[in-house]
Amino acid sequence: MPRLLTALAVSASMLASAATANDAAITFDYDGSFDDATFAVEDAIISKGLVIDHRSHTGEMLERTRADVGSDVVLFDAADVFLFCSATISRQVMEADPDNIVYCPYSIYVADRGGKVTIGFPDYPDGSMQPVEDLLTEIVEEATSF
């Protein structure tokens, strides 16, 4: 789990564009505060009947450990990663390819860099992971529609 969280934090730190897809993530700008964005994401996940397994306060961890690792770079004003799963969609994508287990749990991040709030999630491989990407897109679109 620590490796997953580290990978998510690294991915999140490399992102910052509006409604675009690249090799690492699909991102959306959020017109509001970090706190409003995290509330909207949490609400959108729960409204799908899903349970948030963990909310990682990645930005706080990176700031708390910044000096310990010899860095003076502030990456985020705030950044959280929500981890959760969908039994229905997970079964669907893993029945299509059991190796898709590597992508579970699913994640959505919220990050604030200099007052610009971004919401995003990994850009999954084409094919059998499309239902997960569709679900995450629905969640983020709901969260950004407030």
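In α2, the residues A40, V41, D43, A44, I45 and S47 meet I139, E142 and A143 of α5. Sorted by class, this contact of α2 with α5 has six nonpolar, one polar and two charged residues. The model you are looking at is predicted, so please read what follows as a description of that model.

Let us stay with this pair of helices for a moment. Two packed helices are described by the angle between their axes and the distance between the axes. Helix α2 spans residues 34-47 and helix α5 spans residues 130-144; they pack at an angle of about 130 degrees, and their axes are 8 Å apart. An angle over 145 degrees would count as roughly antiparallel, and α2 and α5 are therefore oblique to each other. Their crossing is right-handed.

Helix α5 has another partner to look at, helix α4, which covers residues 87-96. Here the packing angle is about 155 degrees, with the axes 9 Å apart. That makes α4 roughly antiparallel to α5. On the α4 side the contact involves I89, Q92 and V93, and on the α5 side P131, V132 and L135. This contact of α4 with α5 has five nonpolar residues, one polar residue and no charged residues.

Now step back to the chain as a whole. It has five helices and six strands, and reading along the sequence gives the pattern α-β-β-α-β-α-β-α-β-β-α. Of the 146 residues in the protein chain, 38% are buried. If you take the contacts with a separation of 6 or more, residues 24 or more positions apart account for 67% of them.

Leaving aside residues up to four places away in sequence, F84 touches I45, L50, V51, I52, D53, P105, Y106, S107, I108, L136 and I139. One of these, I45, takes us back to helix α2. I45 counts as buried because its relative accessible area is 0%.

The peptide bond from C104 to P105 is cis, with omega near 5 degrees, a detail to check if you inspect the backbone torsions. C104 itself is touched by S90, which also touches C85 and Y106, again not counting residues up to four places away in sequence. S90 has its place in helix α4. It counts as buried because its relative accessibility is 7%, and the cut-off for buried is under 20%.

Conventions:
Residues numbered from 1 in each chain as written. Predicted model: local features only at pLDDT ≥ 70, side-chain atom pairs only at ≥ 80, totals over all residues. Heavy atoms only, no water. Axes fitted to C-alpha atoms, helices over the stretch in contact; angles between N-to-C directions. Helix = DSSP H or I, 4+ residues; strand = E, 2+ residues; numbered from the N terminus. Parallel < 35°, antiparallel > 145°, perpendicular 65-115°, else oblique. Left-handed = near helix turned anticlockwise from the far one by under 90°. Contact = heavy atoms within 4.5 Å. Nonpolar A, V, L, I, M, F, W, Y, C, P; charged D, E, K, R; others polar. Buried < 20%, exposed > 50% of the residue type's maximum accessible area, 1.4 Å probe, protein only.
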